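Okay everyone, thanks for coming. Let me put today's model up on the screen, and then we'll walk through it together.

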Amino acid sequence: MITITFPDKSTRQYEPGTTPLQIAESISTRLAQDILAATVNGAEWDISRPINEDAEIKLFKWDDAEGKHAFWHSSAHLLAEALQELFPGVKFGIGPAIENGFYYDIDPNGNTITAADFSRIEAKMIELAQKKEAIVRADISKDDALKMFGDRGEEYKCELISELEDGHITTYTQGAFTDLCRGPHLPSTAPIKAVKILSLAGAYWRGDEKRNQLVRVYGITFPKKKMLDEYLVMLEEAKKRDHRKIGKEMELFAFSANVGAGLPLWLPKGAALRDRLEQFLRKIQKRYGYLQVITPHIGNKNLYVTSGHYAKYGKDSFQPIHTPEEGEEYLLKPMNCPHHCEIYRSAPRSYRDLPMRLAEFGTVYRYEQSGELHGLTRVRGFTQDDAHIFCAPDQIKDEFLKVMDIIFYIFKALKFDNFEAQISLRDPNNKQKYIGSDENWHLAENAIIEACAEKGLNARTELGEAAFYGPKLDFMVKDAIGRRWQLGTIQVDYNLPERFQLEFTGSDNQKHRPVMIHRAPFGSLERFVAVLLEHTAGKLPLWLVPDQCVVLPISEKFNDYARRVAAELNEADIRAIVDDRNEKIGKKIRDNELKRVPYMLVVGEKEAQNDEVSVRKQGEGDKGTMKITTFAKYLTDEVASMINQ
RNA sequence: GCCACAAUAGCUCAGUCGGUAGAGCAUUUCAUUCGUAACGAAAAGGUCCGGGGUUCGAACCCCCGUUGUGGCUCCA
């Protein structure tokens, strides 16, 4: 007998060769129905794969990420099986489960697959799933695997096999389809009841743009039809929260092909919104001892040769601007740091001046690849809420912690509670990608890791994701359809101070080199506004929203009173407008509800006589009548409570 | 940059087989003066993304470009 230990540390005895599925059956039939995947001694395990020794076991259902993962991984194989039948000759790349569904990369090998084929593919997958064929795991030697896939012309699979270690190669087969795969998988395709092919895209083989581009077929499957329907509804809802749509509706920003791709135009309401965000940040930064500076939008090319940016990005940037004078070259500034280094250098610095925190809402220009541009989240001209902190090496951690405080304050004020943190370190196997000494990299990386530990921040660590000049801590937030965008960033930099020969005089009267911290809590105003719009579905917090209230006269007879109300509110620094269109009150309410104006103030004869307004809250309805001054105080207090927490 | 797809009125979109361009909303005018989610009537509104080609004839077919969308690659 073998002893199986469950997560709650209880144990049971089973015959050797018992499968996780059989173990589930021994507990309850319901569990046996729901179980999709397992781990055995921490290793991923098919629920139909025998266990031959004492083991700790975990069972996973649909609600567990591991359960969905197995379900979608098997679905990817089902997709491949369907494609193999419908498009003979296609060659297969890889087909993993992803966060929402799965994909399979294929070389069409002469076939053309378009969106018009989606329903055929879905139908074929359902047809195959209904055969309830077992998904069978098999061990295979490297030579046999190479022969088997080689005979079928599966060049991509052969490439993968050639890099695997003999003795650890497995295949999974269902029906006529066999795939090179590590698993784990469902015992059969039977549980796959609902299928949706979502999209087609190009994807380079092994993510290398120098290699073949394959066709990536994205799909998602569910154990119940109803779950698919709900998912599709959710996707539709998410599309309504797209910041590009909301930005247009709210008249915040626009693009023009005449101005150029990726160059946003901020409309009056959007510009005012941005200004409020800037004021909000300025106020906090002042509290933390930041000094505002202003620098030009261009800089001499030599500045970027000194900084190292020209060598790294010169070819992929907007090209130098030439002057009438021969030999002069200027670059649109792609970042603010070199300018700030020059500000630091403008006077001799003492240890008493440090930390020196130079802040600027600096507009920068980067030549992003055309295919990368996306609304306000990826643009070619944008404004960073940038600052550079120059400090002594022993001040790094303390400054780092203070920056984290600012970022947390902002995220809290704007209710970004689902952010993720990522520590990006150097790729230890590819050091030539980075500039700077090993020693400095160690110092900087440790400063970040220690600061996160001290704050209790649960950050993911990624190797090879660091900037070329230093490691960083990034804060990411998801958009409406689950794409991750980086917002805030903090980066430690030993290299620029070196390159710009920055110095300060220490208490020992010797010259020392400062360390630099780059930081931007919003990241860029553009991306931040975009993500904010998607998070709030355009219902911006009261203190940020363009129009806080709209006065709605019952008829044109009360337009004068409505204007007086708005003027009084404006006096109290409340953003109020008047809807004096010749429309019925129901129409005005509907339109302003759809425009997401937080408060509507209905005024007619009763209100005009008593200096009152009838208050209606967006999405909630009638809130009763009150004096203008009472409403003004109510709204002002509400705003104050949001930003002075 | 690469792959795939798209672009028609201010917005959302229809436009059959290649035969001289259509709706709703918004706008303007008229009528109405209204009490908490759409009153009515009329008018105006088009470089069918741009350029080239095929054709007696192109919004529609072909080529080039621009911009956008979904991915990939990239992201100082």
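Predicted model: local features only at pLDDT ≥ 70, side-chain atom pairs only at ≥ 80, totals over all residues.

Now, who sits beside strand 11? That's strand 10, residues 170-174, which runs antiparallel to strand 11 and is joined to it by four bridges. If you want one pair to look for, find Tyr 172, which stands opposite Asp 179. Together, strand 10 and strand 11 make a hairpin, and two residues lie between them. In that turn, Gly 175 has a positive phi, about 55°.

Okay, zoom out. Chain A has 645 residues, and 50% of them count as buried. Counting elements, there are 20 helices and 33 strands in chain A. As for dimensions, its C-alpha trace spans about 80 × 75 × 60 Å along the principal axes.

One is an open sheet of eight strands with mixed pairing, and the order is 16-20-21-28-25-24-22-23. Strand 16 (291-292) and strand 23 (459-463) stand at the edges with a single partner strand each, so each has one side without a neighbour in the sheet. How do strand 16 and strand 20 pair? They go in the parallel sense, over two bridges, with strand 20 covering residues 356-365. A pair to click on there is Gln 292, opposite Ala 359 in strand 20.

There's also an open sheet of three strands, in the order 17-19-18, and here the pairing is antiparallel. Its edge strands are strand 17 (298-300) and strand 18 (321-322), each pairing on one side only. Strand 18 connects to strand 19, residues 329-332, through two antiparallel bridges. Within that pairing, Ile 321 is opposite Tyr 330 in strand 19.

Next up, the RNA. Which residues come nearest to RNA strand B? Out of 57 residues around it, they are Gln 213, Glu 372, Asn 582, Arg 590 and Ser 614. And if you take the atoms of RNA strand B that come within 4 Å of the protein, sugar and phosphate account for 48% of them.

Ser 370 has a polar side-chain atom 2.7 Å from a phosphate oxygen of RNA strand B. His 374 also has a side-chain N or O atom by a phosphate oxygen, this time at 3.0 Å. For Glu 209, the partner of its side-chain N or O atom is a sugar or linking oxygen of the RNA, at 3.0 Å.

What about the elements on that surface? Helix 18 (585-594) is among those that supply at least two residues, and so are helix 11 (309-313), helix 19 (605-610) and strand 32 (612-617). Helix 18 has the largest share, seven residues. By class, the surface near RNA strand B has 19 nonpolar, 17 polar and 21 charged residues.

Last topic: empty space. Rolling a probe the size of a water molecule over the atoms shows where such space is left. Let's take the second largest pocket, which holds about 1,300 Å³. It is lined by 39 residues, and nearest its centre you'll find Tyr 218, Ile 481, Gly 482, Arg 483 and Arg 484. Among the elements giving two or more residues to this lining are strand 25 (484-493) and helix 16 (525-536). Which helix gives the most? Helix 7, with seven residues. The lining splits into 16 nonpolar, nine polar and 14 charged residues.

And how many cavities of 30 Å³ or more turn up in the whole structure? One. Strand 3 (37-40) and helix 3 (65-86) each supply at least two of the lining residues. Five of the lining residues are nonpolar, two are polar and two are charged.

Conventions:
Residues numbered from 1 in each chain as written. Chains lettered and ligands numbered in written order. Heavy atoms only, no water. 1 Å grid on protein atoms, 1.4 Å probe; cavity = no way out; pocket = protein on both sides within 12 Å on 5 of 7 lines; lining within 4 Å. Points joined across faces, edges and corners; volume = space filled by probe spheres on them. Nonpolar A, V, L, I, M, F, W, Y, C, P; charged D, E, K, R; others polar. Pairing = 2+ DSSP bridges. Near = heavy atom within 4 Å. Polar contact = N/O pair within 3.5 Å; in protein donor to acceptor, adjacent residues only side chain to side chain. Buried < 20%, exposed > 50% of the residue type's maximum accessible area, 1.4 Å probe, protein only.
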